[in-house]
Amino acid sequence: MATLGSAPTPVDASLPIASPAAVATTPAPRHSLLVRVTHWLFTLCFFALLVTGIEILISHPRFYWGETGNINMSPLFKIPIPSSRNLVPTGYGYVLPDQNGWSRYLHFQAAWLVVFTGLLYALHGFFSGHFRKRLLPGPEHLSRKNLSAAILSHLRFEPPAEAEAHSYNVLQRLAYAFAIFAMFPMMIWTGLAMSPAFTSAFPVTVTILGGHQSARTLHFLLTIAFVLFLFVHLLMIFLAGFFHRTRAMITGRVNNRADS
Amino acid sequence: MKHLSRRKLITTGLAATAGVTGLGVATHLAHKYGLVPPDGGGIYGPGETLTYAAQRLLTRHSLAREFSPVEISAKPLANELAPFSDEFKRFQADKFTDWRLAIDGLVDRPASFSVSQIKSYPSRSHITEIGCEEGWTYIAEWIGTPLSHVLDLVGVKPHAKYVVYFSIEPDWWESMDMADALHPQTLLTYGMNGDDLPVGFGGPLRMRLTRQIGYKNVKFVNRLTLTDNLKPFGKGTGGANSDGGYAWYAGI
């Protein structure tokens with residue numbers, strides 16, 4: 001019987017050398033070892049960055065556009081939550097505890113890890129053909145017929161076709177490509193654009209965004225986009241079969257036979 | 001299949017060995033070139049060291065962005081302050097005429113300077129943005145004497161690595177490396193927007209670093225110490241904020 005316990009770590013799956021008898025029947029993994037390891041590193045960083053990002057946000061839950069912004073200025077929008085600073089007029093009668101020390105430490109450490117993971121993933125994806133073959137939509141995916149069929153099938157909440165256990169459909173390709181090639185770099189960029197030291201060396205990285213506070217606001221809006229992405233990602237996994245999809249991302253295997 | 005796997009195993013092994021060796025060499029070099037911050041140990045040490053080392057390599061001489069006079073914030077924000085100590089109030093009642101900045105530690109000629117003396121030295125002003133780690137910012141014109149000028153007067157010993165700077169108010173001190181100490185925008189600030197520096201913004205004397213965020217810009221500075229070792233100060237992390245759980249280096 002297939003259980004997650006039968007293949008406890010992704011590392012085991014990378015070394016079919018350990019059981020030569022199984023080699024002949026083991027198909028190529030659904031996700032390569034590198035994709036699986038980086039996926040879970042991304043997951044770890046995602047939650048570290050999200051939690052610490054929220055903690056930092058709480059110390060000033062107001063957003064501005066342009067170069068400067070503070071409580072003497074009118075915000076673009078406010079988040080209606082209490083703050084961890086007495087200075088911020090939130091309308092709530094209390095101040096939350098300050099968590100910015102460790103939050104900033106962890107935020108930047110997780111940012112480094114996510115950047116290194118992203119570089120590794122991008123180099124692998126580019127040179128192995130992963131991006132070209134499996135991730136970026138080709139002309140056949142982008143035909144009107146294929147696109148409308150995929151959209152209709154999603155709107156009807158139809159269970160995915162068997163083929164989708166082995167390869168991404170056009171909507172997945174578009175969503176993943178957008179998150180990887182647009183949202184991720186923008187997130188790193190808008191984060192660095194808030195650094196007075198980084199922008200002293202590369203001032204154009206912040207001026208092109210409209211200023212420090214614009215960068216901060218974009219960083220927050222990208223967070224919202226990433227959280228929405230996560231919700232849809234999880235919803236789709238539940239609809240497609242949580243156990244099988246998750247196992248494929250842990251062990252690389254798609255069907256039960258390979259586990260026997 | 002088996003050969004391929006063996007090849008993969010060998011490649012992975014080699015990559016891992018190269019990685020570990022590379023990390024060892026990088027750590028050695030980072031220590032050698034002073035790229036490890038005083039809080040570079042502990043669980044957040046790797047991230048802090050990467051940030052500090054990367055930003056030092058990229059920004060050793062770069063100038064923070066300067067703005068035009070029209071961009072000066074109409075309503076700058078002075079952060080909250082703890083109630084002033086009696087000592088500070090006495091100086092304040094006297095319009096800070098007796099305020100002095102003492103400099104000691106690894107210098108050839110320890111000295112102390114009055115604010116009017118400091119004002120008589122060559123001045124530099126810049127219109128720069130100051131940002132709080134909480135996320136808010138404002139732009140102001142900062143007027144002062146470059147810290148490097150005053151350090152030249154006292155003669156910094158070659159092996160000094162940090163300037164530790166203290167506020168007159170208790171538990172308020174920070175330190176910076178020599179790259180920031182000798183940076184042309186680092187000012188002993190006594191003026192703001194064409195006037196004296198208001199008390200709320202750190203008057204009579206505030207340490208202003210343009211490439212680090214607010215909490216490194218200590219208000220009411222009255223003492224500097226040059227040192228090559230931050231361990232004896234406070235808990236040894238190089239500042240009141242880092243002793244309290246914040247990063248020592250605040251370039252981001």
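## A bridge in chain B

In β2(B), Phe113(B) is the bridge partner of Leu101(B). Strand β1 (residues 100-105) of chain B runs antiparallel to β2(B), and 4 bridges join them. Strands here are DSSP runs of E, at least two residues long, and helices are runs of H or I, at least four long, numbered from the N terminus.

This is a predicted model, in which local features need pLDDT of at least 70, side-chain atom pairs count only at pLDDT 80 or more, and totals for chains, interfaces and linings use all residues. Residues are numbered from 1 along each chain as its sequence is written, while chains are lettered from A and ligands numbered from 1 in the order in which they are written.

## The sheet

The open sheet has 5 strands, in the order β2-β1-β10-β5-β6 (chain B), with mixed pairing. Two strands pair if DSSP finds at least two bridges between them. The edge strands of chain B, β2 (111-114) and β6 (173-177), each pair on one side only.

## Chain B overall

Chain B has 7 helices and 10 strands. Its C-alpha atoms fill a box of roughly 85 × 45 × 35 Å, taken along the principal axes.

## Helix α7 of chain A

Helix α7 (residues 170-192) of chain A has 23 residues.

α7(A) bends by about 35° at Ala179(A). That bend is the angle between axes fitted to the seven residues ending there and the seven starting there.

Terms used. The expected span of a helix is 1.5 Å times one less than its number of residues.
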